[in-house]
Structures are given as structure tokens and as C-alpha cells.
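Subject: Structure handover

Hello,

Here is the structure for you to look through. My notes on it follow below.

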Amino acid sequence: MLPANKRLHVIIQITIVFTGFLLFGLSENIRGPAVPRIQADFQLEEWQIGHLFAINSLGFLIACSFTAYLTRHWGLKTVTQLTFGLMALSGVLIYFSRNFEALSGAYFLLYIGNGMLEIVLALIATRIFVKNTGTMMNLAHFFYGLSSIAAPMIATGVMELTIGGVVLDWRGMYAVILALCVLPMIPAFYTRFAEQPMEEEEPLSVKRLLRDPVIWLISLLLSLGVIAELSVGGWLIHYLENGFGWSTLEASKMLSAFFLFFTFARLILGPITDKIGYLLSIILFSALFSVLIIAGIYFGERGAILIAIAGAGVAPVYPTANAFIARRYRSGTDAAITVVVTIVGISGVLGNYAIGGVISITETYVSAVQIPKSSLLAGLQAGFCFIAVCGIACSVITFYLYRYLKRRDEIL
């Protein structure tokens with residue numbers, strides 16, 4: 001039994017972790033309803049939206065590379081407060097952005113904060129979830145899922161609010177929601193974190209990993225899974241509004257449905273992945289994701305629900321791949337995660353550009369040849385086909401990795 005004082009600090013830190021995951025899900029997934037309005041205000045083309053999403057991935061990648069270093073030198077308490085503070089500040093900067101360049105910079109700062117938040121929450125969790133670690137981490141990620149479900153609806157509602165005769169719209173929505181990041185800064189100020197020094201990784205360990213084909217394959221399949229997962233969240237509302245004339249509220253409900261299937265799949269399918277194996281699970285579920293996306297495109301407006309259900313297919317990829325990494329690289333997990341996060345981050349930047357490019361190129365081609373079909377709808381459908389291809393490629397690469405490890409009798 002912990003002393004009462006120490007137990008209080010642990011409870012406060014658990015609250016910070018759960019609140020942090022709630023804010024993480026909100027900050028990442030309120031962009032769906034905002035994107036069509038941002039595009040209309042700044043007269044953006046689809047490739048520029050892809051650029052905006054790529055900036056997000058780049059900021060996230062950069063933050064993941066330096067956050068652990070900051071915690072070693074400044075302490076976890078200071079970095080935790082800095083993280084939430086940056087996210088709140090980014091909301092203010094988004095509110096005052098009056099051109100695409102200013103918005104890109106504010107978005108970049110937001111995703112610097114998001115990247116720092118992921119590392120900070122992981123560090124706090126590993127220090128306080130000493131017992132039942134897996135259960136507690138699943139519960140923490142469940143809070144992320146819950147806020148992801150609610151985020152599109154919350155964003156849509158806040159954008160319609162009127163304060164002093166002025167509609168908040170997307171700028172005010174970001175400012176209001178990201179201002180909530182100030183709240184966990186208060187308990188973080190009063191609690192005492194266990195400042196355990198992090199061991200330095202041997203440089204050779206990273207070099208050795210880079211010569212391991214398995215780390216490249218797991219990074220590639222995880223990159224494809226992450227691109228697929230985040231792309232649906234970023235583009236679905238845009239697809240339904242501009243392709244079929246749905247209202248923002250209707251489209252937001254469908255995006256919430258995607259995150260509903262996504263969230264509960266991570267809880268329900270966990271035992272299944274343990275039974276049939278990590279790699280076989282990724283093969284099956286990523287293939288299911290692609291089939292549902294393709295079917296959703298084929299059936300047009302009626303197929304939107306299939307795209308939402310596809311959330312259940314892509315949901316297990318990220319946690320299952322991370323479980324594989326932790327099991328295979330027990331003696332060098334930190335180095336393995338560093339390598340994988342870097343590769344996934346770079347792939348995320350390229351993937352977002354690719355989707356925006358596919359949409360714009362297809363739209364231009366359909367318009368030029370005067371095919372009797374909405375050029376924008378054709379472009380958006382092509383973009384979702386690319387997302388489906390990412391899922392198929394994830395399944396194929398995982399199958400190759402499974403065969404590679406099976407020949408060496410190294411299946412986990």
C-alpha cells in the first residue's frame with residue numbers, strides 16, 4: 001500500500017494521462033468538420049489540403065525526436081506543462097491566422113504539441129502503471145477513442161455557436177477546444193513526478209536495427225496502417241460534403257461512427273490478436289479494411305456506412321504492431337521505437353501529399369476529358385481508392401514478413 005501522499009500524486013497523474021488522451025483525440029479529430037470551411041475561406045485546392053496534413057505529420061515527427069531529450073534535461077513536470085501550453089497557444093494562433101501560410105505554421109505548432117503529448121503520456125504511464133500495465137494502457141487509449149468519436153460532433157456544434165453576435169466558425173472552434181489544454185496544466189503544476197533518468201541508447205543499437213530487414217518491414221506496414229487510419233479521419237467529411245452534398249452535421253455523424261467502430265474494435269479484438277498471432281491479425285484486419293473501403297466507394301452515397309465500419313479493420317494495426325515491436329526487441333525497445341517512429345513519420349508526410357495529389361490529378365483529368373461525372377467526386381473516390389491500396393499493401397507486406405519469420409522459426 002502506497003503512503004497517502006504518494007497515492008494522491010499517482011491519482012493526479014492518472015487523471016493527467018486520461019485527460020491527456022481525451023485532449024489528444026479531440027485535437028487530432030476536430031479537423032474533419034473544419035477542413036471544408038478552411039478550404040472555402042482560403043480557396044485551397046486538394047493538394048494544398050494534403051500539404052496541410054503533411055505539415056501535421058512533419059511536426060509530429062519532429063516532436064517525437066526531441067521530447068525524450070527534453071524530459072531528461074528539463075524534467076517531466078516542465079515538459080508536460082510546456083506540451084499542453086503549446087497546444088493551447090496553437091489554438092490562439094489558428095484563430096488569428098488570416099492566410100494559408102499562417103494557418104500552416106499554427107497547425108505545425110499544434111502537431112509539435114501532439115507529438116510531444118504522445119511521448120509525455122507514454123513516459124508518465126510507464127512510471128505509474130507498474131501493475132496491470134496492458135490493461136491500463138488499453139484503458140488510456142480507450143479515452144483517446146472516446147474523444148475521437150465525439151470530436152466531429154463537438155467541432156460541428158462549437159462552429160455554430162454565436163458569442164456577442166459573432167459565429168465562432170472554425171477559427172473560434174479551434175481556439176475554444178484547444179484552450180481546454182490549460183486544464184491539465186493545473187494539476188501538473190502541483191504534482192510531483194518520479195523523475196527517473198532515462199538510459200542513453202548505444203549508437204550501435206540503432207545502426208544494428210537499421211541493418212535488420214524486419215524493422216524496415218514492420219515500419220513500412222505500420223506506416224501504411226497509420227496513413228490509412230488518419231486519412232479516413234481527415235478526408236471522410238470532405239468526401240461526403242463535396243461528393244454527395246451532405247451537411248456538415250450529417251458527415252460529422254458518419255465520421256463519429258467510424259471512430260465508434262474504431263474505438264470498440266481495439267477493446268474487443270485485443271484477445272483475438274493474442275489468440276491468432278500479431279502478424280496474422282494485421283494481415284486479416286488490414287485486408288478487411290480495404291475490402292470495406294472499396295465496397296463503400298462502389299456503392300457511392302449508400303456505401304458511406306461501410307467506410308465507417310472499416311474503422312474496425314484498421315483499428316488493431318497500430319497497437320498490434322507496437323506489441324510485436326515490444327516482444328521482438330525486448331532489449332532495445334527504445335531504440336526500435338525511435339527508428340520506427342522516424343520512418344512512420346516520414347511516410348506520413350509523403351502519404352498525405354500523395355493522397356492530395358491523387359485527388360487533384362484525377363479531378364483535373366476527369367474535368368479535361370469531360371466525363372459526365374463530378375470531377376471532384378471522381379477525385380475524392382480516387383483518393384479513397386489510394387487509402388484502400390494502403391490497406392492492401394499493409395496486408396501484403398505483413399504476409400511477406402510472416403513468411404520471412406516463419407522460415408527462420410521466429411514467429412511470435
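In which helix does tyrosine 95 lie? Tyrosine 95 lies in helix H4, residues 76-96. Helices (H or I, at least four residues) and strands (E, at least two) are DSSP runs, numbered from the N terminus.

First, the ground rules. This is a predicted model, where local features need pLDDT of at least 70 and side-chain atom pairs count only at pLDDT 80 or more, while totals for chains, interfaces and linings use all residues. Residues are numbered from 1 along each chain as its sequence is written, and side-chain values use heavy atoms, with hydrogens and water left out.

**Surface patch**

Tyrosine 95 is partly exposed, because its relative accessibility is 34%. Buried means under 20% relative accessible area, exposed means over 50%, and partly exposed is in between (1.4 Å probe, protein chains only). Tyrosine 95 also belongs to a nonpolar surface patch of about 460 Å². Patches are made of residues with over 30% relative accessible area and no salt bridge; like charges are joined within 9 Å, and nonpolar side chains (Val, Leu, Ile, Met, Phe, Trp, Tyr) within 5 Å. The areas come from the Shrake-Rupley method with a 1.4 Å probe.

**Salt bridges**

How many salt bridges does the structure hold? It holds three. A salt bridge is a side-chain nitrogen of Lys or Arg within 4 Å of a carboxyl oxygen of Asp or Glu.

Start with arginine 37. Arginine 37 pairs with glutamate 160, with the closest N and O atoms 2.8 Å apart. Arginine 37 is in helix H2 (residues 31-42) and glutamate 160 is in the loop between helix H6 (133-159) and strand E1 (162-163), so the pair ties together parts 123 residues apart in sequence. Glutamate 160 is partly exposed, at 47% relative accessibility.

Arginine 37 also forms a salt bridge with aspartate 169, at 3.1 Å between the closest N and O atoms. This pair links helix H2 to helix H7 (residues 169-179), across 132 residues.

Now take arginine 171 and aspartate 41. Their closest N and O atoms are 3.9 Å apart in a salt bridge. Arginine 171 lies in helix H7 and aspartate 41 in helix H2, so the pair ties together parts 130 residues apart in sequence. Is arginine 171 buried or exposed? Arginine 171 counts as buried, because its relative accessibility is 15%. Aspartate 41 is partly exposed, at 42%.

**Backbone**

Most residues other than glycine have a negative phi. Aspartate 169 has a positive phi of about 55 degrees although it is not a glycine. Aspartate 169 is partly exposed, at 24% relative accessibility. Glutamine 43 also has a positive phi, near 55 degrees. Glutamine 43 sits in the loop between H2 and helix H3 (46-74). At 66% relative accessible area, glutamine 43 is exposed.

**Cavity**

A search of the whole structure finds one cavity of 30 Å³ or more. On a 1 Å grid over the protein atoms alone, a cavity is a set of points where a 1.4 Å probe fits but cannot get out; lining residues have an atom within 4 Å of a point. The lining includes Leu224, Ser286, Phe289 and Cys390. Helices H10 (213-244), H13 (278-298) and H18 (375-407) each supply at least two lining residues.

Best wishes

How values were computed: 1 Å grid on protein atoms, 1.4 Å probe; cavity = no way out; pocket = protein on both sides within 12 Å on 5 of 7 lines; lining within 4 Å. Points joined across faces, edges and corners; volume = space filled by probe spheres on them.
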